[in-house]
Amino acid sequence: MLVIFGLPLLVSSGLFFHAGVFYYPYALILFFAFSVILVNIGAGITIFLANIFHAGKLRRYLLSMGIIAVVLLVTLLRIFRPERFVNPELFANLTLFVTEIKAPSFILLPNRWLSESIFNFLGKAFTGDTIAYVSLLLLTAYITTLFLEFVFRRYHFKGWGLLQEGGITLKGRLAGSRGESVRRGLAVSKLIDPLTRTFDVRSRVLLKKDFLVQMRDVKNIHQILILLSLIVIYLFSIASLPLNWEAYEAQLKYTVSFFNLGLILIIIASLCSRLIYPAVVSEGISLWIMKTSPMTPRRYVWTKFFFFFIPLFILGQLLTLFSSFFIGIEKEFVLLMITTTALLSFSLVSMTIAFGISDVKYAAADTAQEQMRTGSTGHMLISVFLILFTLALEIIPIFLYFLKEAEKAAFTQKAWFMIGAVIVALFLVNLLVTGLSMRLGVKRFERIELG
């Protein structure tokens with residue numbers, strides 16, 4: 001790959017300097033030798049490190065640490081708002097600095113040997129120094145090849161065994177990992193028990209199982225961290241909006257409130273599609289346990305609903321409260337947005353569970369493709385349509401509140417009637433969607449056949 005991507009540079013240099021025919025094989029051989037040096041050193045170090053470290057375990061830790069580091073970096077950058085410290089006068093100096101940046105050209109580095117060999121040939125200055133540089137490239141390529149062969153014979157197979165994570169696990173370690181898993185399960189039980197006392201034993205066991213599944217899956221933890229980071233960045237972006245323009249303050253405030261409500265609803269729908277839907281669909285692998293357990297389909301579906309609805313509902317309310325505080329809208333309008341977010345949380349969660357139960361049979365095959373399912377097309381289309389319908393209704397109260405603040409006038413009885421009609425319409429539509437989704441989920445769970 002290094003040779004292939006380096007060919008345009010070699011050809012363009014030859015065309016620019018009007019080089020002869022012998023330049024191209026000469027430059028290709030030297031660039032090939034230069035690439036061999038880099039590849040041999042990189043492959044040798046990798047094999048050696050794979051022999052020292054348990055790459056399988058180290059990969060999980062490094063992946064988690066990398067995601068956490070990126071999340072913290074992006075979040076802190078947005079919180080500190082570095083754009084405040086930008087000085088336009090520094091751009092000229094920054095441009096000069098970037099133009100002066102050059103690659104390291106120490107005389108003992110292979111890139112120095114390559115550049116001197118090629119450009120001396122192009123400049124018709126093929127002296128003794130050029131021969132020395134060419135010799136260094138070829139000799140170093142040969143030595144690094146011997147180095148790679150030695151490292152491969154000495155360390156490759158043990159490192160390959162560690163990468164496969166098989167054949168070297170001791171029984172004591174396996175038992176220790178199982179004991180650690182049991183201890184984690186007991187710790188989670190102690191944490192969840194006070195929160196699930198209102199549920200009966202069957203629902204409590206299902207809640208514990210779902211919570212353990214969510215917490216043990218590293219991918220879910222990574223996704224939650226990334227989503228939390230994006231939410232923090234979103235809130236600080238809302239707080240940084242310039243809404244204090246005297247002539248357009250009211251117009252900007254309620255325009256931003258309208259789009260803010262739409263973004264919050266899209267966030268909730270995305271969380272349903274990315275977290276709730278896969279969690280329900282993955283039940284197809286252990287579906288026989290659910291079907292043979294003493295739990296009715298109705299209780300199973302409603303337990304799933306409350307397990308996912310409560311955190312999503314809390315998140316939606318926090319987003320609405322914090323963003324409304326930064327925008328500075330009236331308390332009555334904040335209450336309207338809170339009500340809308342709560343109603344849509346009911347509908348979106350129930351729809352996601354219904355679609356997940358409908359598609360649970362596809363995951364029973366336990367294929368890699370089905371495990372990566374993050375939502376169906378029908379589910380996403382209906383969610384978007386419901387959000388657009390809600391926003392279309394919300395235009396009426398947003399426009400009325402804008403007129404009230406812009407004209408400094410009180411609401412008439414007709415205005416309150418229109419706002420009440422919007423709330424009633426939203427309540428009825430979301431109640432209908434929630435009821436139909438839960439009923440459909442229960443029926444489809446009952447119709448699932450094992451076999």
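The axes of α1 (2–16) and α2 (23–52) come within 10 Å and cross at roughly 145°. The model is predicted: local features need pLDDT of at least 70, side-chain atom pairs count only at pLDDT 80 or more, and totals for chains, interfaces and linings use all residues. Residues are numbered from 1 along each chain as its sequence is written, and side-chain values use heavy atoms, with hydrogens and water left out.

**α1 and α2**
- Axes are lines fitted to C-alpha atoms, for helices over the stretch in contact, with angles from 0 to 180 degrees between N-to-C directions.
- α1 passes α2 in a right-handed crossing (near helix turned clockwise from the far one by less than a right angle; anticlockwise is left-handed).
- From α1, the contact (heavy atoms within 4.5 Å) includes L2, L7 and L10, which meet a set in α2 including Y23, F31 and F32.
- The contact residues divide into 14 nonpolar, four polar and no charged (Ala, Val, Leu, Ile, Met, Phe, Trp, Tyr, Cys and Pro are nonpolar; Asp, Glu, Lys and Arg charged; the others, Gly among them, polar).

**α12 and α13**
- Helix α12 (residues 297–327) and helix α13 (residues 331–358) have axes that come within 9 Å and cross at roughly 150°.
- α12 is therefore roughly antiparallel to α13 (over 145 degrees; under 35 is roughly parallel, 65 to 115 roughly perpendicular, the rest oblique).
- Their crossing is right-handed.
- Among the α12 residues in contact are F305, F308, F309 and F313; the α13 side includes M337, I338, F346 and I353.
- This contact has 15 nonpolar residues, seven polar and one charged.

**α13 and α17**
- The axes of α13 and helix α17 (residues 413–447) come within 8 Å and cross at roughly 20°.
- The two helices are therefore roughly parallel to each other.
- The crossing of α13 and α17 is left-handed.
- α13 contributes residues including L336, L343, F346 and M351; α17 contributes others, among them F427, N430, M438 and R444.

**Aromatic pairs**
- The whole structure holds 18 aromatic pairs (Phe, Tyr and Trp rings, Trp by its six-membered ring, with centres within 6.5 Å; planes under 30 degrees apart are stacked, over 60 edge-to-face, the rest tilted).
- The F17 and F119 ring centres lie 6.2 Å apart with planes at 70°, so this pair is edge-to-face.
- F17 sits in the loop between α1 and α2, F119 in helix α5 (residues 110–122), and the two are 102 residues apart.

**Confidence**
- The chain averages a pLDDT (the predictor's confidence in each residue, from 0 to 100) of 76, and 67% of the residues score at least 70.
- Residues 166–177 stay under 50, with five contacts beyond four places in sequence.
- Residues 366–372 are also below 50, with five contacts beyond near neighbours in sequence.
- Where pLDDT is low, the predicted coordinates should not be read in detail.

How values were computed: Helices (H or I, at least four residues) and strands (E, at least two) are DSSP runs, numbered from the N terminus.
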